[in-house]
Each structure stands twice: as C-alpha cells, then as structure tokens.
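Please look over the structure below with its domains and its chain contacts in mind. The briefing that follows takes these topics in turn.

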2 protein chains.
Amino acid sequence: MSDTAKPAPLFDKLALIGIGLIGSSIALRARRDGLVRSVVAATRSQKTADTANRIGVVDHCGTDLAAAVKDADLVIICTPVGACGEAMKTIAPAMKPGAIVSEVGSVKQAVIRDMRPHVPAGVHFVPAHPIAGTEHSGPEAGFPTLFDGRWCILTPLEGTDQGAVDRLAAFWTACGSMVEFMAPDWHDMVLGIVSHLPHLIAYTIVGTADDMAGERRSEVIKFAAGGFRDFTRIAASDPTMWRDVFLNNREAVLEILGRFQEDLFSLQRAIRWGEGDKLFELFTRTRDIRRALIDMKQA
Amino acid sequence: MSDTAKPAPLFDKLALIGIGLIGSSIALRARRDGLVRSVVAATRSQKTADTANRIGVVDHCGTDLAAAVKDADLVIICTPVGACGEAMKTIAPAMKPGAIVSEVGSVKQAVIRDMRPHVPAGVHFVPAHPIAGTEHSGPEAGFPTLFDGRWCILTPLEGTDQGAVDRLAAFWTACGSMVEFMAPDWHDMVLGIVSHLPHLIAYTIVGTADDMAGERRSEVIKFAAGGFRDFTRIAASDPTMWRDVFLNNREAVLEILGRFQEDLFSLQRAIRWGEGDKLFELFTRTRDIRRALIDMKQA
C-alpha cells in the first residue's frame with residue numbers, strides 16, 4: 001500500500017467469511033483502492049478456498065473461520081443468510097475486542113435474530129445489505145466495480161456505537177455504494193417487494209415454461225427473446241442464496257405473494273371475460289411507474 | 001436508389017398500415033438498404049401521421065388507409081392485433097392484384113381469423129411475426145437495426161403461393177431477421193410461454209408493488225435495482241398492443257397461466273412449510289435452463 005495517491009486505509013485487517021460473488025468483489029475493491037492493509041478469507045469449502053487462493057483474490061483463504069478473524073478489525077460474513085448465525089457462533093471466541101462484525105444478507109430480521117446472541121461484548125455488530133449482484137456466483141464471479149452506484153442499506157440496532165456505524169458506512173461508500181439507513185423490518189418488506197418476489201416469480205415462470213415445452217423445449221428456448229430472456233437471467237441466480245432468502249424472509253414474502261396472487265387472478269378473470277379496459281388501465285399505470293423509476297435514475 | 005453497391009429492390013412500393021415502433025423500424029431499414037423503391041404509411045391518428053411526416057420516416061404518411069395501399073406490391077399491417085381485421089377490410093378494395101399483404105402481430109390464430117375473410121382473391125396473405133421490440137412506442141421509437149439477429153416467424157396458410165412466401169421471407173431476411181416457419185396454433189402457444197405470460201406477470205408485479213408501497217412508493221422505487229427493475233422495463237411496453245395480445249390469445253394465455261398459478265402455489269406452500277429442498281431443486285433446474293439458453297446464443 002505504498003501508493004501515495006491513495007488515502008490512508010480505513011481498516012488494518014479485513015476478514016471475509018465466505019468468498020463468493022459478494023465477498024470476492026469486496027476483496028477486489030478493498031485491495032484495488034487500498035481500503036485495508038490486508039484481507040483474508042475463510043470458507044467451509046476446501047474447493048472454494050483453493051480457487052480463491054489460485055486466482056489470488058485475497059492475501060490468503062483458509063477453511064478455519066476462527067483463525068481468519070484473528071486480529072481483524074473488520075469482519076464481514078458473506079455467506080448465504082441461513083449460515084450467518086452459525087458462522088457468528090464459530091468466530092465469536094476469536095474476535096478482537098473493538099472490532100466491527102457485519103454481513104451482507106438480503107434479509108435483515110432473521111440474520112439479526114440468528115447472529116446477535118453470539119456477538120461478544122465489545123464487538124460492534126452492524127448489519128448491512130449491498131443491493132448488488134449478478135446471476136454468477138463463486139470467487140471467480142467477483143469484480144471490483146460491482147457496488148458502484150448501488151445502494152448499501154445499513155440497519156444498525158439501537159444502542160450500537162455510532163463510531164462503528166460511521167466507519168462501516170465509510171467503507172461501503174469507498175466501495176462505490178450509496179449508503180442508506182433503514183429499520184430491519186422495513187428493509188425486509190421493501191426487499192420482499194423489489195427483489196424477493198420478482199426472483200420467486202422468475203424461478204416459477206422458467207420452471208413452468210420448461211415443463212410445458214417438454215420434448216419441444218429447444219423450440220421454445222430458441223424464441224426466448226421476448227420477456228422470457230430477462231426472467232431466465234434472474235432465475236439463474238445462486239440457488240443456495242435464494243433458498244435461504246425465502247426461508248428467512250417468509251412472513252414478508254408470503255404477505256406480498258398473497259397480494260400478487262389476488263392481482264393476478266383479477267387479471268386472469270379480465271382476460272377470460274374480455275375486459276380490455278381493465279387490462280389497458282393497469283398497463284398504463286405500470287408504464288408510469290417505469291417512468292418514475294427512470295426519473296429517479298434507477299433504470 | 002442509385003447506390004450501385006445495393007442489390008435491386010425486392011418490392012416497388014411498400015405500404016405500412018400503422019407506423020409505430022415496428023412500422024417505422026421496417027421503413028427505416030427498407031429505405032436504408034434500398035429494399036423498396038418507395039415506402040408510404042397510413043394511420044388513423046392525424047397526430048401520429050404528422051409526427052411520421054415531420055421526422056420523415058416514410059415518403060409520405062396519411063390517414064387514408066385505402067389510398068396508401070394503392071399500387072403497393074407489399075402491404076404490412078403494423079397495428080395492434082385487435083385492429084388488423086378492420087384494417088384489412090378497409091384496404092381490401094384498393095389492393096393491387098398479385099400484391100402481398102402481411103402483418104406483424106404477436107398472435108396468429110386470431111389475426112388470421114379476423115383478416116382472412118377480407119383478403120381479396122388474387123392477393124397473397126402471408127402472416128408474419130418479427131420477435132423484436134423495445135419498451136418504447138410510436139414512429140419516433142423506430143430504428144433500422146431493430147430486427148438484426150432476431151427471429152421472424154412466418155405462419156403461411158395452406159394453399160398460399162410459394163413465390164409470395166419466399167418473397168416475404170427474403171424481405172425479412174434483408175431486414176436482418178432469421179426467418180422460421182411455424183403453424184399458427186403452435187406459434188400462439190410458444191409465444192404465450194416465452195412472451196405473453198412474462199409480460200402479464202411483469203405488469204401484475206409492478207402493479208402489486210405500487211399498491212403495497214402506497215405513500216412510501218418513492219422509498220420502494222429507489223431500491224428497484226434488484227429483479228424489479230427488469231420487470232418495470234417489460235411492464236412499460238405499449239398498453240394497447242398488449243391489451244390486444246391478451247384478448248386475442250386468450251385460450252393459450254389462460255392455459256399457461258393456470259399452470260403457472262399451480263406452480264406458484266406449490267412454491268408458496270414450500271416457503272410456508274420451510275421445505276428448502278423443494279426450493280433448491282427448482283432454483284437449480286432453472287439455472288440449467290438459463291445455461292441451455294446461453295448455449296443457444298439467445299441470452
């Protein structure tokens with residue numbers, strides 16, 4: 001880190017638990033911009049660790065989670081959300097007092113419920129969710145600009161040291177993110193709407209299409225240039241990550257899904273009875289929503 | 001058309017009935033590459049005609065449909081599918097014997113049902129569907145490369161003059177399309193799967209999300225970078241065009257929608273009961289489908 005053009009590192013040692021798309025992208029950005037002096041990782045899978053070491057995405061990647069967090073002043077758990085609690089339990093005894101522990105899960109309430117009881121006194125727990133990703137996964141999928149211009153939502157708990165929150169926010173800002181603060185339950189509802197439900201629908205529709213096409217599936221896939229192609233991209237996202245999201249944001253997803261089903265049945269009925277006005281009205285409204293989104297520069 | 005590098009025109013006069021995204025893109029391509037000697041258009045809307053004339057996308061655009069097709073040896077109806085029958089009826093008396101009349105609808109059986117009775121003897125009716133589009137509409141939305149590398153499905157009826165079919169296929173190939181032949185009913189089922197259902201779902205989900213967010217919609221839209229953004233793009237497609245698609249491909253859409261609902265309820269149940277294996281299994285299968293699509297170079 002002798003590049004004098006770079007600002008002083010924000011942390012001495014960053015430890016990543018899990019080194020998939022998100023973990024490796026954090027590592028690459030942190031190293032590229034000198035945000036930390038050293039970055040290590042640990043993962044349960046020897047094969048993933050071997051890959052991470054081979055491509056050199058971190059200084060070292062092992063399979064001993066506790067060993068990795070030793071002396072780290074920032075630990076980020078980058079596993080699927082269902083594994084966060086167990087990971088926290090494993091690393092807790094090895095964590096340095098005064099260190100910050102965070103994670104990157106797409107669900108906040110369940111992750112807080114699972115991790116919080118294991119966080120040692122003197123360690124600052126600050127949940128975070130960078131809203132960024134691709135349909136690719138694993139350490140080779142990472143790239144340093146993944147978070148550029150993307151939101152990172154922090155959901156700090158009451159009583160958390162403000163200095164720790166500020167330092168984590170500064171880290172994510174340095175990773176290219178726009179940082180926003182939210183309550184965990186509101187986070188889970190918003191993400192349920194804009195991300196979890198769309199993913200569930202995309203998974204379903206691709207499966208339904210595949211079943212229907214049967215023996216003639218290659219003929220169907222061939223013409224996927226319509227809306228279907230976008231769905232297949234979404235439906236190619238990491239299966240383990242998404243299984244855990246649905247199991248851990250169950251209440252919000254079921255609530256949103258129930259409303260969606262009602263609306264879909266209402267449209268189905270309009271199609272059956274030839275009620276063109278109803279269809280036209282909805283299609284016009286959704287076009288306006290898209291325009292609002294473009295105005296907010298999210299499209 | 002004095003450019004000697006260009007091949008001889010395929011048709012003398014092309015008449016477009018309707019000059020939205022598809023019509024204007026055909027016009028721009030046909031003129032750019034000298035596929036026709038002249039191209040005129042007609043539309044019911046004076047405002048649209050004025051726009052088309054102002055930007056000069058065709059030689060002339062009027063509002064008299066019958067006048068436009070006079071002396072044309074290729075007529076392509078580019079209206080929403082619900083208007084094809086009436087348009088055919090209007091232009092029928094003015095059509096030149098030996099001319100080809102085609103259209104570009106996303107539904108084939110209903111369009112054939114509506115147009116065929118009005119096609120005069122001696123005029124060759126060849127239905128076609130270029131699978132291409134954007135979320136923008138109107139004459140200003142067109143661009144000459146819209147059809148490059150995209151499929152154009154022809155669904156010629158039994159007894160149609162093969163020479164006419166070949167000439168239309170040559171025209172679409174010259175527009176950049178890959179031409180494929182299909183039976184009308186199979187076309188409607190395949191498109192129902194890869195295009196109509198995805199659009200219906202996208203419209204629904206964007207509406208549901210908007211309702212749920214209510215007063216806090218701007219907070220929700222702000223974080224649309226997840227799967228939701230792709231849905232809003234699809235749900236911004238032309239409302240009239242899509243209303244007509246659903247009303248005119250009702251049987252296939254209701255059949256596919258029924259299966260989709262079953263599959264979605266099954267997933268909903270898996271989430272409620274915490275059946276992670278079921279979720280994981282589907283998510284893995286859909287990822288494989290995406291890979292098949294990439295192998296076929298459709299992604």
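Domain bounds come from an automatic or database domain assignment. On that basis, chain A is divided into domain 1 (11-183) and domain 2 (186-295). This is a predicted model, in which local features need pLDDT of at least 70, side-chain atom pairs count only at pLDDT 80 or more, and totals for chains, interfaces and linings use all residues. Residues are numbered from 1 along each chain as its sequence is written, and chains are lettered from A and ligands numbered from 1 in the order in which they are written.

**Domains of chain A**
- The centres of domain 1 and domain 2 of chain A, taken over C-alpha atoms, are separated by 30 Å.
- Domain 1 of chain A gives 15 residues to the contact and domain 2 of chain A gives 16 (contact: C-beta atoms, placed from the backbone, within 7 Å).

**Chain A with chain B**
- In all, 77 residues of chain B are in contact with 77 residues of chain A.
- H7(B) supplies the largest share of the side of chain B that touches chain A, 20 residues (helices are DSSP runs of H or I, at least four residues, and strands runs of E, at least two, numbered from the N terminus).

**The H7 pair**
- The axes of helix H7 (residues 184-213) of chain A and helix H7 (residues 184-213) of chain B come within 11 Å and cross at roughly 160 degrees (axes are lines fitted to C-alpha atoms, for helices over the stretch in contact, with angles from 0 to 180 degrees between N-to-C directions).
- H7(A) is therefore roughly antiparallel to H7(B) (angles under 35 degrees count as roughly parallel, over 145 as roughly antiparallel, 65 to 115 as roughly perpendicular and the rest as oblique).
- Residues of H7(A) that meet H7(B) include A:Ile193, A:Leu197 and A:Ile201.

How values were computed: Two residues are in contact if their C-beta atoms, placed from the backbone, lie within 7 Å.
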